[in-house]
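Please open the structure in a viewer and keep the selection tool at hand.

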Amino acid sequence: MKKTIRKFKKFVINRAYIAILHDAAMAAISFFLSLYLRLGSDFSEARNFLVPGATIFTLVCVAVFAFFRLYRISWRYASSADLITLTKAVTVAILLFLPMMFLTNRLEGMPRSMLAINWFVLLALVGAPRFLYRAIREKNLGFLRAGDEKKIPVLLIGINQYSEFFLRENASYFVIGIIDEDRRKIGNVIHNVPVLGNLRALPRILKKLHGGLKSPRKIIIAPDYLSGLAVKYVLKICDRHGCTMARLPRISEFTDNIGHKIEMQPIVVEDLLGRTQTVQGGEAMRRLIEGKTILLTGAGGSIGSELTRQ
């Protein structure tokens with residue numbers, strides 16, 4: 001059995017090799033396409049340097065992309081930082097190709113403006129498949145959102161590093177919209193999710209969404225975003241509209257969620273107080289209530305139930 005597995009592994013194509021072949025093909029195509037865009041019907045005049053030029057350009061691109069470690073970057077997690085790296089690599093490849101082609105044929109017959117066109121064409125041909133692959137894997141294309149109806153519809157309150165991570169990585173919730181207090185962000189779209197309004201508009205937004213296919217079943221708040229009074233305000237609105245409320249995990253709680261389902265955290269006393277809970281001395285509290293009958297009002301609420309528990 002182990003021998004069979006070893007033989008099978010020999011035939012498994014490394015993804016880095018696929019990326020190299022892809023980029024080599026895109027580099028060659030970009031050279032021909034850029035030349036055609038520049039010369040048009042006079043394309044046949046470039047036959048003297050067409051093949052050697054395309055060969056040199058392809059080899060330069062592969063070498064430069066390897067130097068920039070583009071083949072170590074996972075297409076599944078292509079990001080804006082990777083786009084910047086890709087832009088640098090394409091620029092360096094174009095700049096290196098120019099003197100190498102000059103040493104080969106003194107750039108005879110090759111239009112200089114073709115290099116500027118090639119910069120845009122190569123960047124598009126090499127970059128677009130990477131981000132398209134990520135969009136397909138994450139089902140972020142408009143025509144690939146069939147699974148959203150199986151997810152729990154939620155509203156997200158607050159834009160910070162926690163909520164941005166949640167929007168990128170969550171697989172169990174369908175985020176209908178975002179509530180944020182910054183008026184400049186209202187109307188913007190973050191990871192395909194619109195910013196619908198601020199906290200004052202929350203009742204109106206819930207009323208508008210109620211009863212529809214996108215009626216939120218849960219409101220999720222970003223940690224350290226709302227004050228204690230604001231959390232109480234949102235809790236009242238949730239009770240009024242039949243929604244539950246939770247918060248995203250903090251950084252210390254994210255470690256157990258990486259690579260797994262992101263678990264929502266319950267609203268605790270610290271969230272309502274807006275500060276760290278003051279720990280009373282156990283002995284003093286014992287003397288205060290020992291042997292006495294205690295009447296606790298509001299025990300069905302968040303603070304009352306926590307007091308009862310403790």
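Patches are made of residues with over 30% relative accessible area and no salt bridge, where like charges are joined within 9 Å and nonpolar side chains (Val, Leu, Ile, Met, Phe, Trp, Tyr) within 5 Å. A salt bridge is a side-chain nitrogen of Lys or Arg within 4 Å of a carboxyl oxygen of Asp or Glu. Accessible areas come from the Shrake-Rupley method with a 1.4 Å probe, and for residues only the protein chains shown count as cover.

The model is predicted: local features need pLDDT of at least 70, side-chain atom pairs count only at pLDDT 80 or more, and totals for chains, interfaces and linings use all residues. Residues are numbered from 1 along each chain as its sequence is written, and side-chain values use heavy atoms, with hydrogens and water left out.

**First stop: the nonpolar patch**

Select Met285, Leu288, Ile289, Ile294, Leu296 and Leu307, which make a nonpolar surface patch of about 540 Å². Helix 11 (residues 282-289) supplies the largest share of this patch, three residues. Helices (H or I, at least four residues) and strands (E, at least two) are DSSP runs, numbered from the N terminus. Leu296 lies in the loop between helix 11 and helix 12 (302-309). Leu296 counts as partly exposed because its relative accessibility is 33%; buried means under 20% relative accessible area, exposed over 50%, and partly exposed in between (1.4 Å probe, protein chains only).

**Second stop: the whole chain**

Now display the entire protein chain, which has 12 helices and six strands. Of its 310 residues, 37% count as buried. The chain exposes about 19,600 Å², and carbon and sulfur atoms supply 60% of that area.

Select the six strands, which form an open sheet in the order 3-4-2-1-5-6 with mixed pairing. Strand 3 (189-190) and strand 6 (244-247) stand at the edges with a single partner strand each, so one side of each has no neighbour in the sheet. Two strands pair if DSSP finds at least two bridges between them. Strand 2 (residues 173-179) and strand 4 (residues 193-197) pair in the parallel sense over two bridges, and Ile178 stands opposite Val195 in strand 4.

Next, select strand 3 and strand 4, which pair in the antiparallel sense over two bridges. These strands form a hairpin with two residues between them, and His191 in the turn has a positive phi of about 55 degrees.

- Select Asp23 and Arg130, whose closest N and O atoms are 3.0 Å apart. This pair links helix 2 (residues 15-39) with helix 5 (residues 113-137), 107 residues apart. Asp23 counts as buried at 0% relative accessibility, and Arg130 is buried at 7%.
- Select Glu164 and Arg168, whose closest N and O atoms are 2.9 Å apart. Both lie in helix 6, four residues apart, about one turn of the helix.
- Select Arg184 and Asp182, which meet at 3.1 Å, N to O. Arg184 is exposed at 71% relative accessible area, whereas Asp182 is partly exposed at 21%.
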